[in-house]
Amino acid sequence: MKKEHMVVIAGFFLAILLRLLLIKLFPQPFLFDQADYHTFAQQMLQRGLYAESARLYGYPLFVATIYRVFSLNNLQAVFVFQAILDSATALLIYIWAKLLWNKKSVSWVAFVLYIFNPYTSAYVGVVLSEVTGIFFTALFLYLCTLSWLKKKMTAFLLFSFVAGFLPQIRPAFLYFSVGLFLLGLSIYWKKRWTLIGTLLFILPFLYVLWGNVVYFGQWKLTPVDHIFPRELFISIMVPNRLSDDVRQGHTAFPKEVTQLYKEYSVKPKNQKERIAMADTYFAQAIEMMKENPWLFIRERFSKMFFVWEKHFLFYYQESPNALRDGIVYWGNIILLMGGLSGLLVWFVKKRSLLAILYLSFIAYISVIHSVSLAEERYSLPGYPLLFLFAGYALVQLYKRSFITPNKE
């Protein structure tokens, strides 16, 4: 085994230990969305096929598998799995950097940055889809890059399956995933096995389709609830960044939003009632937009930035500390600037379509979540890309600052 490989493996285990230490030092309560995912996983174990009107099976599938392998309700096993998975994202970033630049310097810097990053690590100790979504988003973009640069059919086939599975974990990425898959399909259209790639892409949706047929009587590949009207209404009613109080419940929400959560996915019993519920809230949202369209537009642009802000690390609870919060916030701003500047520099140097795809993904996260609560955690799947190019930016800065032309 090469020394390089030994150091990478050591870094991987160090990342796991650091994340497990965070769980020990800052335990989080088990409530809200965690209970929903937990219940979904239990139902999958009991029934095999299970569907809910507003949630998909991607993340609960992993939780259910862990429960099956270890023991039912074993949250600690879930946390260990997530610590391993987030550390595996660091490995993926290392491999991804070598694929793009074939330079150890960028790979090492990006790898180390991700190992010690607190932003994704803080979500290892909660039963939420963030860590799993982060890993599969990084895998999705890496396989896209691999199939693009190496033109290997095996890479495209793996990419096709991951592109179909990612929206089952992060439904908001459906449109980007479909678009990127179609782009890949157009490139490989005349190649053999493209039909297999299409089937692999569709395969993860079949569980959703059959679950919707059995539980709701609808032939639909996505949740039967109409998500866009719900999110549009909420985003208008909560136009600014969520306050920290929201982490303790819905007490900081306007009463209209609290009412929505009580009825939107609860009261409708059939397709007709779900459409009526969606139409009701959509009409209210449109009326509010008409009252002040320019305010609506300004608020969308504000949310595009809000979703990338980080005012705290731990989602449910942490002790007050102004110094820590300042470091968290400005550290994230530096990361954003580093990642984006590195990506832009690479785009200017290479004029590569890959750079456009990466930039499009960052823009997609901003736009798609401008019509939502724009919670800070929603942008985390974009952080592997930011750490990757922050590593590139640091290496470029070092070369320009400390290496003379002759030594280069």
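A charge counts as sitting over a ring if NZ of Lys or CZ of Arg is within 6 Å of the ring centre and within 35 degrees of the ring normal. In this predicted model, Arg55 meets that rule: it lies over the face of Tyr37, at 4.8 Å from the ring centre.

Next come the ring pairs. The count comes to 46 aromatic pairs. One of them joins Phe62 and Phe136, with ring centres 5.6 Å apart and planes at 50°. Phe62 belongs to helix H3 (residues 58-69) and Phe136 to helix H7 (residues 130-150). The two are 74 residues apart, and the pair links distant parts of the chain. Phe136 is buried, because its relative accessibility of 11% is under 20%.

Ring pairs also build a cluster. Among its members are Phe140, Phe156, Phe181, Phe201 and Tyr364.

Now the surface. Phe161, Ile202, Leu203 and Leu206 make a nonpolar patch of about 320 Å². Helix H10 (residues 194-216) gives the largest share, three residues. Phe161 lies in helix H8 (residues 153-169). With a relative accessible area of 32%, Phe161 is partly exposed.

Last, Glu299 in helix H14 (residues 293-306). Glu299 is buried, at 14% relative accessible area. Its side chain makes a polar contact with the side chain of Arg300 at 3.1 Å. From Phe181, Glu299 is 118 residues away in sequence and 31 Å away in space, C-alpha to C-alpha.

Technical notes:
Residues numbered from 1 in each chain as written. Predicted model: local features only at pLDDT ≥ 70, side-chain atom pairs only at ≥ 80, totals over all residues. Heavy atoms only, no water. Patch = residues over 30% accessible without salt bridge, like charges linked within 9 Å, V, L, I, M, F, W, Y side chains within 5 Å. Areas by Shrake-Rupley, 256 points an atom, 1.4 Å probe, with all protein chains shown as cover. Salt bridge = Lys/Arg side-chain N within 4 Å of Asp/Glu carboxyl O. Helix = DSSP H or I, 4+ residues; strand = E, 2+ residues; numbered from the N terminus. Buried < 20%, exposed > 50% of the residue type's maximum accessible area, 1.4 Å probe, protein only. Polar contact = N/O pair within 3.5 Å; in protein donor to acceptor, adjacent residues only side chain to side chain. Phe/Tyr/Trp six-rings, centres within 6.5 Å; stacked < 30°, edge-to-face > 60°.
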